Amino acid sequence: MQIQSKEVLFFVEVTNFSSFSDAAEAMNIPQPTVSRRILELEGKIRSQLFLRSKAGVVLTEFGEQFLSGAIEVKQSLNALKKLATQESENPCHVVVEALQPIATLLVNDFLPYFRTLHPDVVLEVRSLTNREQHRKVGEVLRLQSHKMETRNNCVIHFLQAERNFYAPPQLLTRYPEIQHPEDILHTGIPCIAIQQPSKEIGRWHYKMGNKFHELKVNPTLIVDDAIKARDALLNDIGVSWNFDIVMNDSVKNGAAVTLFEQSFSSQENAYITYKATKQLTEPEHCFVEALLSYYVV
């Protein structure tokens, strides 16, 4: 019996995604190829690794035992691959995928601090849309507001942001009667909604006392991230229920204002996320530690 390393890697990926098709998509290979290689592996070891159903796959009892050894094999292969390419790669390069408001915060706020600590580390920031943050995590670090499941991912809470109601100053003069979030529903004031996967468009929230209340608005404009919503607000399109980390600079320079004197803001969280099987490089460790020390939750 000769088990090939590729079969072991396929097995680990299917376990990570609990799906043959999702694993195949992540590896950019045809799904039948993954299914065939797993069947060949099960034939070689004469044991079933997965229980298959329309909902996906789950490990058998033997599959759970096989997984621990398979992860060690994958880690060893990754270590060898890293060693073989060490001379051609930049050892101080950190790639981070970040939800666009968080990416903006990194560049404008955190990066100057990080550069003083680690001037030799090159930080590459790739922006994510709301929809993209719900996809499976790849091989890089990710910063996002969506909390992923923790079976296959390491999830670390690092930031709390306030979500509040903002408007261009000139809009308030046209709608002086707005004193409460519920007034938004009755005045016809234009609203800018941020679309989120699996959530109904235009569903906003506000906090009054210790209770959260839902506000179902009919948006004038729908965008897919908070940066676009801010830019539309600055162009006098309407009201935005947005994050303070996105709106603070606009409020400071007078281009935007909070819609109400009383605070109806609610808190939202951000998380560092990476695959549970990922071994962080030293620069990645430095980035995570600096992020946690800078944004004390």
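Mentor: We take the labels in turn and set each value against its definition.

Trainee: How do you know how far to trust the model?
Mentor: This is a predicted model, in which local features need pLDDT of at least 70 and side-chain atom pairs count only at pLDDT 80 or more, while totals for chains, interfaces and linings use all residues. Residues are numbered from 1 along each chain as its sequence is written, and side-chain values use heavy atoms, with hydrogens and water left out. The pLDDT is the predictor's confidence in each residue, from 0 to 100. The protein chain averages 88, and 95% of the residues score at least 70.

Trainee: Where in the protein chain is confidence lowest, and where highest?
Mentor: Helix H4 (residues 61-84) has the lowest mean, 84, and strand E5 (residues 141-144) the highest, 95. Helices (H or I, at least four residues) and strands (E, at least two) are DSSP runs, numbered from the N terminus. The protein chain has ten helices and 13 strands.

Trainee: Why is Leu106 called buried?
Mentor: Buried means under 20% relative accessible area, exposed over 50%, and partly exposed in between (1.4 Å probe, protein chains only). Leu106 has 2% relative accessibility, so Leu106 counts as buried. Leu106 sits in helix H5 (residues 100-117). Across the protein chain, buried residues make up 44% of the 297 residues.

Trainee: Which residues does Leu106 touch?
Mentor: Contact means heavy atoms within 4.5 Å. Leaving out residues up to four places away in sequence, Leu106 touches Val96, Ala98, Leu111, Val125, Leu143 and Leu291. Leu291 is 185 residues from Leu106 along the chain, yet their C-alpha atoms are separated by 9.4 Å. For the protein chain, 73% of the contacts with a separation of 6 or more are between residues 24 or more positions apart.

Trainee: What makes Asn16 buried as well?
Mentor: The relative accessible area of Asn16 is 12%, so Asn16 is buried. Asn16 is in helix H1 and touches Lys74, Asn152, Lys275 and Thr277, again not counting residues up to four places away in sequence.

Trainee: Why is Ser18 called partly exposed?
Mentor: Ser18 has 24% relative accessibility and therefore counts as partly exposed. Ser18 is in the loop between H1 and H2. Its phi is positive, about 55 degrees, although Ser18 is not a glycine.

Trainee: What puts Asp236 in the partly exposed class?
Mentor: At 26% relative accessibility, Asp236 counts as partly exposed. Asp236 lies in the loop between helix H8 (226-234) and strand E11 (239-243), and Asp236 has a positive phi of about 65 degrees without being a glycine.

Trainee: How are H1 and H2 placed against each other?
Mentor: The axes of helix H1 (residues 5-17) and helix H2 (residues 20-27) come within 8 Å and cross at roughly 120 degrees. Axes are lines fitted to C-alpha atoms, for helices over the stretch in contact, and angles run from 0 to 180 degrees between N-to-C directions.

Trainee: Which residues meet there?
Mentor: Phe10, Glu13, Val14 and Phe17 in H1 meet Phe20, Asp22, Ala23, Ala26 and Met27 in H2. These divide into seven nonpolar, no polar and two charged. Ala, Val, Leu, Ile, Met, Phe, Trp, Tyr, Cys and Pro count as nonpolar, Asp, Glu, Lys and Arg as charged, and the others, Gly among them, as polar.
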